[in-house]
Amino acid sequence: MSLDALPMPGSMTSAAALEVATAYHSPALLNHSLRAYVWAAASGVAKGIPFDAELLYVAALFHDIGLVPAFDSHTVAFEEAGGHVAQVFAAGAGWPAKRRARLSDVIVRHMWPWVEVSIDPEGHLLARATATEVVGKDADDYSAGFRAEVLDRYPRLDLTEQFLTCFQAQAARKPGTAAAGAVRSGLADRMASNPLDSTA
């Protein structure tokens, strides 16, 4: 599989989503979001899972926007905050209400331990891709050559340090969230052994 062979949406909405993500994410979080789309799309293509490329791409770009200072909420989990931000963006882009709700669902569900592919293919793909990104889960599903190509185009930079700091802050302020649960269950150790960092 080649990176350039993956479906990359070329809509005005996709371009605007990338512009917004670039404005608010750190370089490491932006690359993380782009890689999340790449892993998700590659998995969908390889496994024959039909998916809406534009919906998945926009969801990937916004899935962690609730972690950035401008949109960090002290009252709801970061994935819920991100879903709200994405819905506002999508409304401005002219998406109908049902599609905006789908976008939010995909973002919220990326923190679920499992998303049923038959119910939500984009949510399933993004949840698996973000697990690959953060702790290296199923990284071997992708060939060494493809992983190297992705990491060369979208370097990991200091993602591990930034992401762990963000999650620890979320856990301290919102102990009932999935992020807090991840921290309590040994996220730091799992991130430290992510094979993607050893090849980055």
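Visitor: Which helices each supply at least two residues of the lining of the largest pocket?

Guide: Rolling a probe the size of a water molecule over the atoms shows where empty space is left. In this predicted model, local features need pLDDT of at least 70 and side-chain atom pairs count only at pLDDT 80 or more, whereas totals for chains, interfaces and linings use all residues. Residues are numbered from 1 along each chain as its sequence is written, and side-chain values use heavy atoms, with hydrogens and water left out. The helices that each supply at least two lining residues are helix 6, helix 8 (159-173), helix 9 (178-184) and helix 10 (187-192), a helix being a DSSP run of H or I with at least four residues, numbered from the N terminus.

Visitor: How many residues line the largest pocket, and which lie nearest its centre?

Guide: The lining has 25 residues, with His110, Met111, Trp112, Ala127 and Ala131 nearest the centre, and helix 6 gives the largest share, seven residues. A pocket here is an open set of points on a 1 Å grid over the protein atoms alone, where a 1.4 Å probe fits, with protein on both sides within 12 Å along at least five of seven lines, and lining residues have an atom within 4 Å of a point.

Visitor: At what angle do helix 3 and helix 6 pack?

Guide: Helix 3 (residues 53-62) and helix 6 (residues 121-135) pack at about 40 degrees, their axes 10 Å apart, where axes are lines fitted to C-alpha atoms over the stretch in contact and angles run from 0 to 180 degrees between N-to-C directions.
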